[in-house]
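Here is a short tour of one protein structure, written for reading beside the model on your screen. Please keep the sequence at hand as you go.

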Amino acid sequence: MGIFSRRQTATVEQPSAVGQDPFAARPATALATPDPALRALTGRWTIDRPHSRIGFSVRHAMVTTVRGAFTDYDSTLHFDGARPSESRADLVIRVASVDTGVEQRDAHLVGKDFFDARRHPEMTFHSTSTTQESAESFRMTGDLTIRDTTRPVELQLDYLGSVVDPFGYERAGFDGTTTIDRRDWGLVYNQRLEAGGSMVSEKVRLQFDISAIRSS
C-alpha cells in the first residue's frame, strides 16, 4: 500500500468513463519526479504483531465505549514505490482471538449472536484500489468479509514514517481507520434499553495501528 515513505511521488487517479469499471487499472499522472527513497521501499511487508494493534471500538449502553482487538492474524502488504496506486494489502483475522479484556463478553462475541466463530472462523480484507490524497494521507478501498458476507469499505490511512530499528529491521508505520455498520455483515443482534436506544451501537469503528516490517 502506498503508505511507506514520507517523501514520495504524488499521483492522482483519472476519472473513469461512463460505464467503465471504477476499479479497473488506469494510468496515474505523476505530479513530481519519483523520489528515490520512495522507490527503495518497494517490496513486500508484513505486520509485526507485538508492535501493532488491529482493534475496534463501539458504544455500549449509549454512554460509554468498549474497545477490543484481534490478536491472531496473517498479513501481506505489497508497496510499489514508483506507482503507489498499484500497492495492495491482504489481511486474514481469526475472530476467536478477539480480546476486550472481559472473558464473558469475548465468549459472547465469538458465539452465534455475533461472529459465530465455529461456522465462520475468519474475517478477511482484500484491497482493490489505493489513492494518494496528500503527501502522508491515503485512501484504500477493499472488500471486507465477515460471516461470509463481503462488502466494500474505505480505509483512511496516515503514514507515520519509516526507520531501520536497532535490530536491523526496516519498519514503516501507519494508522488506519474506518467506520462500518455491523448490520451490513449480518451482525444484527441487539438488546434495547428501556429508555430507548441500543445496548450495543450498530456503528463500529475499526482501527489499525500498524508497524510493518520488510519481508526478506
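The report below covers a pocket, some salt bridges and a few individual residues. Please keep in mind that this is a predicted model.

## The largest pocket

Let us begin with the pocket. The largest one has a volume of about 710 Å³. Its lining is made up of 36 residues, and those closest to the centre are F56, V58, L109, F114 and V200.

Of the contributors, β4 gives the most, with 6 residues.

The make-up of the lining by class is 25 nonpolar, 8 polar and 3 charged residues.

## Salt bridges

Next come the charged pairs. Searching the whole structure turns up 14 salt bridges. Three of them are set out here, with the distance between nitrogen and oxygen.

| Salt bridge | N to O distance |
|---|---|
| D74 and R94 | 3.0 Å |
| R171 and D165 | 2.8 Å |
| D181 and K203 | 3.9 Å |

Take the pair D74 and R94, which form a salt bridge. D74 sits in strand β6 (residues 73–79) and R94 in strand β7, so this pair links distant parts of the chain, 20 residues apart. D74 has a relative accessible area of 39% and is therefore partly exposed. R94 is likewise placed in the partly exposed class, because its relative accessible area is 21%.

Are R171 and D165 buried or exposed? Both are buried, and their side chains meet in a salt bridge.

The pair D181 and K203 also forms a salt bridge. D181 belongs to strand β12 (residues 170–181) and K203 to strand β13, so the pair ties together parts that lie 22 residues apart in sequence. D181 has a relative accessibility of 11%, which means that it counts as buried. K203, at 49% relative accessibility, counts as partly exposed. Elsewhere, salt bridges with shared partners join R49, D72, D74, R94 and E122 into one network.

Now for a serine in a loop. S97 is located in the loop between β7 and β8 (98–99). Because its relative accessible area is 13%, S97 is classed as buried.

Which backbone nitrogens does the side chain of S97 reach? One is the backbone nitrogen of T71, at 3.2 Å. The other is the backbone nitrogen of D72, which lies 3.1 Å from a polar atom of the S97 side chain. When neighbours within four places in sequence are left aside, S97 is in contact with A69, F70, T71 and D72.

The last stop begins with D143, which has its place in strand β10. With a relative accessibility of 29%, D143 counts as partly exposed. D143 and T128 are 15 residues apart in sequence, while their C-alpha atoms are 7.2 Å apart in space. Not counting residues up to four places away in sequence, D143 touches T124, F125, H126, T128, T150, R151 and P152.

R147 is in the loop between β10 and β11, and D148 lies in that loop too. R147, however, has a positive phi of about 55° although it is not a glycine. D148 has a positive phi as well, of about 65°, and D148 is not a glycine either.

D148 has a relative accessibility of 64% and so counts as exposed.

Definitions and conventions: Residues are numbered from 1 along each chain as its sequence is written. This is a predicted model: local features need pLDDT of at least 70, side-chain atom pairs count only at pLDDT 80 or more; totals for chains, interfaces and linings use all residues. Side-chain values use heavy atoms; hydrogens and water are left out. On a 1 Å grid over the protein atoms alone, a cavity is a set of points where a 1.4 Å probe fits but cannot get out, and a pocket is an open set with protein on both sides within 12 Å along at least five of seven lines; lining residues have an atom within 4 Å of a point. Grid points are joined across faces, edges and corners, and a volume is the space filled by probe spheres set on the points. Helices (H or I, at least four residues) and strands (E, at least two) are DSSP runs, numbered from the N terminus. Ala, Val, Leu, Ile, Met, Phe, Trp, Tyr, Cys and Pro count as nonpolar, Asp, Glu, Lys and Arg as charged, and the others, Gly among them, as polar. A salt bridge is a side-chain nitrogen of Lys or Arg within 4 Å of a carboxyl oxygen of Asp or Glu. Buried means under 20% relative accessible area, exposed over 50%, partly exposed in between (1.4 Å probe, protein chains only). Contact means heavy atoms within 4.5 Å. A polar contact is a pair of N or O atoms within 3.5 Å; within protein, one must be able to donate a hydrogen and the other to accept it, and residues adjacent in sequence count only if both atoms are side-chain atoms.
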